Amino acid sequence: MCSSSSPSARSRTGGRPRSAQADAAILEATRAALVELGWSKLTMGDVAGRAGVAKTTLYRRWASKNELVVDAVAVLFDELELPDRGSLMADIEGVVLQFAALLERPETKTALMAVIAESTRDEPLRERIRTSIVDRQKRLVLAGRRRAQARGELPANPASTTGTDDLIFDVIAGAVVHRALVSAEPVDTEWVQRFTALLLGGLGAAAQT
């Protein structure tokens, strides 16, 4: 599992090691406050009170509410793992179902929608989302490709596949987020199977080019 992109353990604490337990409590309190209060009413002081820490403790770790909320979301996405279900198709279906289940959680849905909306007018926030959430989760695509190549399901390609891997990630993340959060349609087993078949059809065509 990837580590959090929040500041290093000593960077904002004057050389003293940070408490993982305190960090976890703060991030959990942030998600709970978002669900209850929404983005506009969420304050660092409210989070500090819920987490049982001093407000200065938050500012030693996160310079702003934006940074705090992104990290609170990022640790949820770090829970995603690529299951080994015996085939590329089954592996993709498994991780997509995990992703959909994560998006159904109120704390994920509220926090993700809030930071995306806020990032439309905040370029540093958009960059933090990209580095803390998007780039970190591309590990799943890379792991899936390597596993499929080892099984002989995809050709071993010595050429760079970074552009293709990015596109695969965009297609999967975009389709699932749109269906779950925009269209509010179920991401059930039937939909996931049809989506995966369509995706693999495209991968097969790309491998022949």
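Leaving aside neighbours within four places in sequence, N66 is in contact (heavy atoms within 4.5 Å) with W39, E118, D122 and L125. The place of N66 is in helix 4, residues 65–77, where helices are DSSP runs of H or I with at least four residues, numbered from the N terminus. N66 counts as buried because its relative accessibility is 16%, the term buried denoting under 20% relative accessible area, exposed over 50% and partly exposed the range in between, with a 1.4 Å probe and protein chains only. The model is predicted, so that local features need pLDDT of at least 70 and side-chain atom pairs count only at pLDDT 80 or more, whereas totals for chains, interfaces and linings use all residues. Residues are numbered from 1 along each chain as its sequence is written, and side-chain values use heavy atoms, with hydrogens and water left out.

When residues up to four places away in sequence are not counted, F77 touches F99, L102, L103, T108, L112, I133, Q137 and R139.

Helix 5 (residues 88–104) and helix 6 (residues 106–119) have axes that come within 5 Å and cross at roughly 80°, the axes being lines fitted to C-alpha atoms over the stretch in contact and the angles running from 0 to 180 degrees between N-to-C directions. Helix 5 is therefore roughly perpendicular to helix 6, a class that covers angles of 65 to 115 degrees. In this contact, L102, L103 and E104 of helix 5 meet P106, T108, K109 and L112 of helix 6, and by class the contact has four nonpolar, one polar and two charged residues.

A search of the whole structure finds two aromatic pairs, defined by ring centres within 6.5 Å, with the six-membered ring used for Trp. The rings of W191 and F195 are stacked (planes under 30 degrees apart), because their centres lie 5.1 Å apart and their planes are at 5°. Both residues lie in helix 10 (residues 189–207), four residues apart, about one turn of the helix. W191 counts as buried at 11% relative accessibility, and F195 is likewise buried, with a relative accessible area of 10%.

In the loop between helix 9 (162–182) and helix 10 lies A184, whose phi is near 55°, a positive value in a residue other than glycine. A184 counts as exposed, since its relative accessibility is 60%.

Notes
Helix = DSSP H or I, 4+ residues; strand = E, 2+ residues; numbered from the N terminus. Parallel < 35°, antiparallel > 145°, perpendicular 65-115°, else oblique. Nonpolar A, V, L, I, M, F, W, Y, C, P; charged D, E, K, R; others polar. Phe/Tyr/Trp six-rings, centres within 6.5 Å; stacked < 30°, edge-to-face > 60°.
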